[in-house]
Amino acid sequence: LSDVHAMFRLPLPQQDIHAGLNFSIAQILMATISGISITLYDHKGEPGELFKGLVEHYFPWNEEKLSVSPKAAAAIIYDVFRNPLAHAAVLSMDWRDNNRYLVQSDSVEKVKRRLSEEKTTGHTEEWLEALERSINRPEMGPTLAVEPKKKVLLIEGLYWSVRRMIYYLASA
């Protein structure tokens, strides 16, 4: 996960790097979960079922205030964030009469991250190292915020949760 660590240092406006790489970070973390669900998660099933089962049972949901069950949260992460990121460039697509078309959504899905206090730069090395060493979930807002017409994925929370998930799997 060292690539993710490095990406969290962005943006660096003083070096004319303004991108925060939110989608890239989310994509790597989703691919990590997918890979682990197929190779290390000791269950049988289809890839989507394994992804959701791993997230439901090994994410540290007990450290968060979820407005939905862990099972529902795992399904949202897979169906709303992982699949559109991996297959449709974050767009909702469907098929009608053998043609693909864009689906107009009445809800908002957002991949979000925190920036520095001045809101212009990425995280400091010290902040990232503290996040990575933290056994207990740091204060940062929920990994997954679910409202009736809005779902927000906080990638710092996802990063911490993926790291803890790996720890729990390795300790089992």
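Student: Where does Glu64 lie?

Tutor: Glu64 sits in the loop between H3 and H4. Keep in mind that this is a predicted model.

Student: Why does Glu64 count as buried?

Tutor: Its relative accessibility is 12%. Buried means under 20%. So Glu64 counts as buried.

Student: What makes the pair of Glu64 and Arg137 a polar contact?

Tutor: Their side chains come to 3.1 Å. The cut-off is an N or O pair within 3.5 Å, with one atom able to donate a hydrogen and the other to accept it. The pair is therefore a polar contact. Beyond four places in sequence, Glu64 also touches Pro142, Thr143, Leu144 and Ser161.

Student: Which residues does Leu144 touch?

Tutor: Glu64, Leu66, Ala73, Ile76, Ile77, Phe81, Val152 and Leu153, with residues up to four places away not counted. Leu144 is also among the residues with the most contacts inside the largest nonpolar core.

Student: What makes E4 and E5 a pair of strands?

Tutor: They share four bridges, in the antiparallel sense. At least two bridges are needed. So E4 and E5 pair. Within this pairing, Leu144 stands opposite Leu153 in E5.

Student: In what order do the strands of the sheet run, and why are two of them at the edges?

Tutor: The three strands form an open sheet in the order E3-E5-E4, with mixed pairing. Strand E3 (108-112) and E4 each have a single partner strand, so one side of each is left without a neighbour in the sheet. Neighbouring strands are turned by 10 degrees against each other on average, direction ignored. H6 packs on this sheet and touches E3 and E5. The direction of H6 makes about 55 degrees with that of E5.

Student: Why is H5 called oblique to H6?

Tutor: The two helices pack at about 40 degrees, with axes 9 Å apart. Under 35 degrees would count as roughly parallel, and 65 to 115 as roughly perpendicular. The angle falls between those ranges, so H5 is oblique to H6. Trp127, Leu131 and Glu132 in H5 meet Glu156, Tyr159, Trp160 and Arg163 in H6.

Student: How do you know whether Ala74 is buried or exposed?

Tutor: Ala74, in helix H4, has a relative accessible area of 0%. The limit for buried is under 20%, so Ala74 is buried. Beyond four places in sequence, Ala74 is in contact with Lys52, Val55 and Glu56. Ala74 and Phe51 are 23 residues apart in sequence and 8.0 Å apart in space, C-alpha to C-alpha.

Student: Is Ser34 buried or exposed, and what does its side chain contact?

Tutor: Ser34 belongs to helix H2. Its relative accessible area is 15%. Buried means under 20%, so Ser34 is buried. The side chain of Ser34 makes a polar contact with the side chain of Arg82 at 3.3 Å. Leaving aside neighbours within four places in sequence, Ser34 is in contact with Phe51 and Arg82.

Definitions and conventions: Residues are numbered from 1 along each chain as its sequence is written. This is a predicted model: local features need pLDDT of at least 70, side-chain atom pairs count only at pLDDT 80 or more; totals for chains, interfaces and linings use all residues. Side-chain values use heavy atoms; hydrogens and water are left out. A nonpolar core is a set of buried Ala, Val, Leu, Ile, Met, Phe, Trp, Tyr and Cys residues joined through side-chain atoms within 4.5 Å. Buried means under 20% relative accessible area, exposed over 50%, partly exposed in between (1.4 Å probe, protein chains only). Contact means heavy atoms within 4.5 Å. Axes are lines fitted to C-alpha atoms, for helices over the stretch in contact, and angles run from 0 to 180 degrees between N-to-C directions. Angles under 35 degrees count as roughly parallel, over 145 as roughly antiparallel, 65 to 115 as roughly perpendicular and the rest as oblique.
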